[in-house]
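Hello,

Here is the structure for you to look over. My notes on it follow below.

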Amino acid sequence: MSKRIGIEVAVAAAEAAALCRFDVAAVYPITPQSHVAEHLSNIVADGRIDAEFITVESEHSAMSAAMGASATGARVVTATSSQGLMYMHEVLPIASAMRLPIVMAIANRAVSGPLNILNDHSDIMPQRDSGWISLFAENGQEVVDMMIQAFKIAEHRDVQLPVNVNIDGFQLTHMVEPLEMPDQKEVDKFLPPYKPYATLHPDKPVSMGTFAMNDVYTEVMKAKDAALVNSKEVILAVWKEWEKRFGRAYEPIEGYRVKGAEILMLTMGSMGETAAVAIDELRKKGIPAGLLKMKLWRPFPFDELKKAVKGAKTLIVTDRAVSFGGPGGPVAGEVRSALYDQPTRPAIINEIIGLGGRDMMVEHFMEIVMKAAKAGRKKRKEAYEFYGVREA
Amino acid sequence: MSMPSNFKLVENFDLYAPKLTDREEYFCPGHRACQGCGEALAVRLMCKALGKDTVVTNATGCMEIVGSLYPTTAWKVPWIHVAFPNAAAVASGVEAGLKALRRQGKIADRDVKSVGIGGDGATMDIGIQALSGAMERGHDMLYVCFDNEAYMNTGIQRSSATPFGASTTTAPAGKVSIGNKTWKKNLPEIMVAHNLAYVATASHGYPLDFMNKVKKARSLKGPSYIHCFTVCPTGWRSASEITMKLARLATETGIFPLYEVENGKYRMTVEPRTPLRPVEDYLKLQGRFRHLPPDQIKVIQDRVNMEYRKLLNKVEHSKSWSEM
Ligand SMILES: Cc1ncc(C[n+]2csc(CCOP(=O)(O)OP(=O)(O)O)c2C)c(N)n1
Ligand code: SF4
Ligand SMILES: [Mg+2]
């Protein structure tokens, strides 16, 4: 039986990995991920599971050691944040190209400079094209669920890709939340032991990570793209199974009060909860607003997005990172491109919000929507806006 | 891939070789190393000494490139390459993975050694952090640096292993430059400072000495380090047929002495004839030193003498930890 408990979300993420009986954890501490690292080491130190904890000397080595361990057939977990994720950048696309099903919790945090330890998504966005499956959790329950789902998705024979679970730093990692911790037996039934396709062992020697030139590189890239694209079917199936077993439903884009909504707002991560309260308030005022909470960032849920925005006049895309000198926020850029070939599409507004831990309250989300409602279909001068920026 | 049955390396090979080494090839013919490549020879010897129960993690560099062009591979032992700076970290993960799986009974209960390998660039420069971390953490692994004294794979650029006075593509000799202006970093000494139970220098010029060291390191539990000198005819602008001769000259001149440090105790494993041969005998055979005027050769000779005395002093005065 699942147990309802109050627990710090970072600790819960580590607990979820323990329920998956990881064999190896290779983690380097960084705020606000540290509690994940520390708790993983506690679990191993107490012998709660039979695993190795590698106290690597950097994040580059964390991912490298994770890859080495994963290549032997071990189930591997790691976690990082911000500068640590940037430091890993070199090896991330190699992990996916080598089809190593590593699971990584990311306590999302702003990237320097200036140095800032608070939450936004500027760490994960530069990793967008590294070929990882990328999930975004909204609350502690989703963190636990996604960490467990992640192993099942990653290790599926038709996927064999690494997965990152994005957890807003502080806003989410450091909250003590009431949540349901699945029972070990239930998780064991859901997640069978990892059966790797090939491993590093002298009984059946293989060469992994070979050099490949222009005669095959394109083919490898296409295979990786196809793996990502095809993984969606598995993700959806895993979520269906999860719902059956644990009673909680997951969708690539979760709608909130979308029925009859003329103005939709799209969020990723923990801000969905605040935005939902704002939507309730707006509805009370008679403003036909709704919310789209995107949980699946890679593979990008094109069909679900197209379906979700049908009928809406305006779509406000919130971004927690900036593509400097580019189209505004990376999420809006992708949403615009995904909807471009639709016969009818909503006007798209891009609000860059909550950078470096800048607080977003219910009133702020309401203000954003009301401003959009007032403007109607009138085109904005700017393609994007730094919401709440102080100027002069 | 296996050796053709009529393949004869040396006269009467069949008679005495099996007593000295494994006939089996684990780094097989057909790879794309240059003629006379000392590094390829050293890797081959290392594999023979390690045997089949080995997982090799290879940093980016010449050996990775020449041995693994997809869809071919020269490797008969399990082999992985991830990137340039991280072979030691990957190898430490391999060790941890094998250890966990073996303990849980998920794989056979058999001793499989994790071995990280890299060039001097991969080991001494960009990968020194990962190496230091892996060695300090006490993994049961061996790391072997194949030192050809520059970044050969990318076109003979200088590294911290490049000797003083060598002309490289980023430390070229010119009108106002004698080439590389720094002395070779002493990585074995840095490894000794990690309190490893076993650190050794080696050279493909002394194959049995090298293989014995690899076997010794392999048999130890815990981290160990071997720094293997390898001649690169392409980068050194030396004739490919004198690769072995150059490797031996490096030791005979005292430029690259062969020693091991076991539990803190230094021991010469190859005693060169004294007095040592002049460094010029070694330098003059290589294009990378051809520009050096006599006064600079003297500077090198003095430094080599001093370094050699420093080493002899350690050999004479160091004690094993158990005697302390
Ligand atoms: C992060 C990174 N920087 C630079 C390179 C380019 N690079 C590949 S191999 C190499 C040099 C290898 O030199 P070394 O380790 O001495 O091996 P060798 O080729 O000499 O055997 C360099 C600079 C790279 N692959 N990755
Ligand atoms: S460049 Fe040097 S090290 Fe590289 S394959 Fe050729 S001889 Fe060997
Ligand atoms: Mg080199």
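A residue counts as buried when its relative accessible area is under 20%. Asn148(B) has 5%, so Asn148(B) is buried. Ala150(B) is buried too, at 3%. Please keep in mind that this is a predicted model.

Metal site

The protein donors of the magnesium ion (ligand 3) are Asp120(B) through OD, Asn148(B) through OD1 and Ala150(B) through O. Along the chain, the donors follow the spacing D-x27-N-x1-A.

Nonpolar cores

The largest nonpolar core has 62 residues. Met63(A), Met67(A) and Leu315(A) touch the most other members. Helix α3 of chain A, residues 59–71, gives the most to this core: seven residues. Domain 1 (3–246) and domain 2 (253–386) of chain A both give residues to this core, so the core lies between them.

Leu315(A) is worth a look on screen. Leaving aside neighbours within four places in sequence, its contacts include Leu264(A), Leu292(A), Val335(A), Pro346(A) and Ile349(A).

There is also a second, separate core, of 59 residues. Among its members are Val9(A), Leu135(A), Ala150(A) and Phe151(A).

Largest pocket

The volume of the largest pocket is about 1100 Å³. Its lining has 30 residues. Ala97(A), Met98(A), Gly209(A), Thr210(A) and Val220(A) lie nearest the centre. In chain A, the elements giving two or more residues to the lining are α3, α5 (92–97), β9 (207–208) and α8 (217–246). The largest share, five residues, comes from α8(A).

Best wishes

How values were computed: Residues numbered from 1 in each chain as written. Chains lettered and ligands numbered in written order. Predicted model: local features only at pLDDT ≥ 70, side-chain atom pairs only at ≥ 80, totals over all residues. Heavy atoms only, no water. Core = buried A, V, L, I, M, F, W, Y, C linked by side-chain atoms within 4.5 Å. Buried < 20%, exposed > 50% of the residue type's maximum accessible area, 1.4 Å probe, protein only. Helix = DSSP H or I, 4+ residues; strand = E, 2+ residues; numbered from the N terminus. Domains from an automatic or database assignment. Contact = heavy atoms within 4.5 Å. Donors = N, O, S within 2.8 Å, 3.2 Å for Na, K, Ca; no water. 1 Å grid on protein atoms, 1.4 Å probe; cavity = no way out; pocket = protein on both sides within 12 Å on 5 of 7 lines; lining within 4 Å. Points joined across faces, edges and corners; volume = space filled by probe spheres on them.
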